[in-house]
Amino acid sequence: MRIALLLSIFLLFSCSGQGDRKTTLSSENIPIEQKTNDKQSETIGLLPNGLAQTMTGEWLTAVLPDSIVKSKEILQWKNVFYGDLLLLIKENDTLIIRGNMDWGSEKYTVVDAKTIITPEWYKTRVVYSPEKDIVYRGSEPSAPVYKRPPFKDFEKIIDDEKLLMEYMINLLFKNDYLPTDFASKIKYISLGLETYTPFTFDAIGIENPIGEIEYFGWKYSGDTLNLYKTSSTYDEDSGFISYKQGELDKQYFKNK
């Protein structure tokens, strides 16, 4: 009888212990799972709206550092200076597409951590590639590509026509082609920013010894920079001046 009583007590405590352990394990599983998700969020850097934090900020069209520099011409890319130079993805669900003469702002919707879309603005889609650290505006592979600018607050360069011209002059006219003091004399480069674009070719304005600006057509050919004379025509009806590219005037060769 005594043995039976002891056995009953033992079984009672065993069952009670198992119940407590089951409760303890179950309660531990919840915070462990939550901690894992929180840790992943910290690693990815998600904003409250679910977007990856690294996707926000300024994104400069790859046309500037890639296409224009490689082709060493601006003419076929002039359209980007008007309104497609820069993307600004803000944390407050706002997407801004900027250029020197035009820009637009619209609210975006987060599709996932790396994708946003503007439902009321042509359904513009912007996708972030963390592997390449670039964003696509549209669908790959034909979508325009945007990279991080070479320095912060690139929007200030876009807003100032003079600064934007200086940036492009420094990007394209290096001292390895020109005399040291020559590049500093370039006061104008045609980016198509005027109301009426007077040039149908790549053109620069160079300050001459008496302080006047002379306009030249320019073209790189291999390791040679060619400058061409220009002539102008004034249209009395419109009040605009247009330029025509003429014969070769000067050549500069890359220093070996």
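The residues that line the largest pocket fall into three classes: four are nonpolar, two polar and three charged. Here Ala, Val, Leu, Ile, Met, Phe, Trp, Tyr, Cys and Pro count as nonpolar, Asp, Glu, Lys and Arg as charged, and the others, Gly among them, as polar.

The model is predicted: local features need pLDDT of at least 70 and side-chain atom pairs pLDDT 80 or more, while totals for chains, interfaces and linings use all residues. Residues are numbered from 1 along each chain as its sequence is written, and side-chain values use heavy atoms, without hydrogens and water.

Which residues line the largest pocket? They are K162, M165, E166, I169, N170, A183, S184, I186 and K187. A pocket is an open set of points on a 1 Å grid over the protein atoms alone, where a 1.4 Å probe fits, with protein on both sides within 12 Å along at least five of seven lines; lining residues have an atom within 4 Å of a point. The space inside is about 190 Å³, a volume being what is filled by probe spheres set on the points, which are joined across faces, edges and corners.

Helix α5 (161–172) and strand β10 (186–189) each give at least two lining residues, and α5 has the largest share, with five. Helices (H or I, at least four residues) and strands (E, at least two) are DSSP runs, numbered from the N terminus.

I turn now to the sheet. Nine strands form an open, antiparallel sheet, in the order β4-β3-β2-β1-β9-β8-β7-β6-β5. Its edge strands are β4 (103–107) and β5 (109–112), each pairing on one side only; two strands pair if DSSP finds at least two bridges between them. Within this sheet, β1 (57–61) and β2 (86–89) are joined by four bridges, and W59 stands opposite L87 in β2.
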